[in-house]
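The sequence and the structure are shown first.

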Amino acid sequence: MSTERSPLAPAAFPDLPAISGVTPRIARARYKTWDRCDLTFITLDEGTSVAGVLTRSRCPSPEVEWCRKTLVLGQARALVVNAGNSNAFTGDRGRAAVENLAARTAQHLGCDPSDVFLASTGVIGVPLPIDKSEAGLAAAFNAEPCSWEAAAETIMTTDTFAKAAVTSAVIDGRTVNLVGIIKGSGMIAPDMATMLGFVFTDATVAPEFLQRALNDANTRTFSCITVDGDTSTSDTILAFATGKAGNAPLADDDSPGADAFRAALADLCHQLALLVVRDGEGAQKLIEITVEGAESDRSAHRIAMSIANSPLVKTAIAGEDANWGRVVMAVGKAGEPAERDRLAIRFGATQVARDGLAVAGYDEAPVAAHLKGQEIEIGVDLGLGEGRATVWTCDLTHGYISINADYRS
């Protein structure tokens, strides 16, 4: 966890309501030599439904494999999150640690181990120490309930600020609340969801519909951000619905209030996703990239991510250099349909190139002024079709190198 707060961080932690049926607690497992809580234990009342999206990494952690197996059952009673040790690439020892955590939590709650969801984040290749996880879990069982801010702080690693968001929707004449906490700063290039993020709502939602809604929200939010082009072995987003609001169950898209719930969930995921980009390791600027005029939305997304993941584009933004040629390069290398002489590029509101060359009388001054800000916009029009996508990234500074060169210490 960095001590220097990102300049892109919000002014304050949001005011989050309690979610009926959800009780967070924290404890010290001491996975690293730090003086802070690093184990989060959240209990969920009986009847809670669950959905999730997980990393597509071919080297997933045992926690990811556990969640993938248990998600199909659609019910949850607890969430345990470890910070400081990802338990990834740890073989049978890592799997044994996961099974032990689930079993001990289930015994404490009187539920099945499959009702317990697990996530870990931190250094890869070091097995989660069972003795420390057991001690931390035992302490959490006896701890007093904590605030959302404390829970959000406890799941952090290289994050510089605790991340959370809130929204609500009216369903069946009742107001339902949605709260989310998330951690993530580096190793951010989701191919599913990203980082570790947890959403809690008091709405009554069937697991199958919750899964579809989360999948759709993820496609437009978490899967549209990148910090460094690297997808984690442990990326996990889980959504829990306790049903305590008392609304008529949302079973499918024809259920009254289904659209309102989908919109609220997408809004919450969007808020959380941008918080991660704002805390990109070493980030000084938030960059929004919109690609339109592509042959398809999928093609537009791939081109936008090619721009967002380009070290040359990201360093140009960091240096406040109006080098739009680097955007041309990133479009060209994406492997998607593009025609040079139809391409148009803008920085902020200023068109810098059109029809394959710089605009007549191009004045770099307004672009340079735009690049001095903290929030940068890049727009690309391919002139080929109706495909469109927006993604978000951050600049690449020396701070990223410093953080990751010293990560294990």
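Axes are lines fitted to C-alpha atoms, for helices over the stretch in contact, and angles run from 0 to 180 degrees between N-to-C directions. Helices (H or I, at least four residues) and strands (E, at least two) are DSSP runs, numbered from the N terminus. The model is predicted, with pLDDT of at least 70 needed for local features and 80 or more for side-chain atom pairs, while totals for chains, interfaces and linings use all residues. Residues are numbered from 1 along each chain as its sequence is written, and side-chain values use heavy atoms, without hydrogens and water.

The axes of helix 2 (residues 91-109) and helix 3 (residues 130-141) come within 10 Å and cross at roughly 20°. The two helices are therefore roughly parallel to each other (angles under 35 degrees). In helix 2, residues including A96, L101 and H108 meet residues of helix 3, among them I130, L137 and F141, where contact means heavy atoms within 4.5 Å.

An open sheet of six strands has mixed pairing and the order 12-11-10-13-9-14; two strands pair if DSSP finds at least two bridges between them.

I289 stands opposite I378 in strand 13. Helix 7 (residues 297-308) lies across strand 9, strand 13 and strand 14, and runs at about 25° to strand 14.

Definitions and conventions
Parallel < 35°, antiparallel > 145°, perpendicular 65-115°, else oblique.
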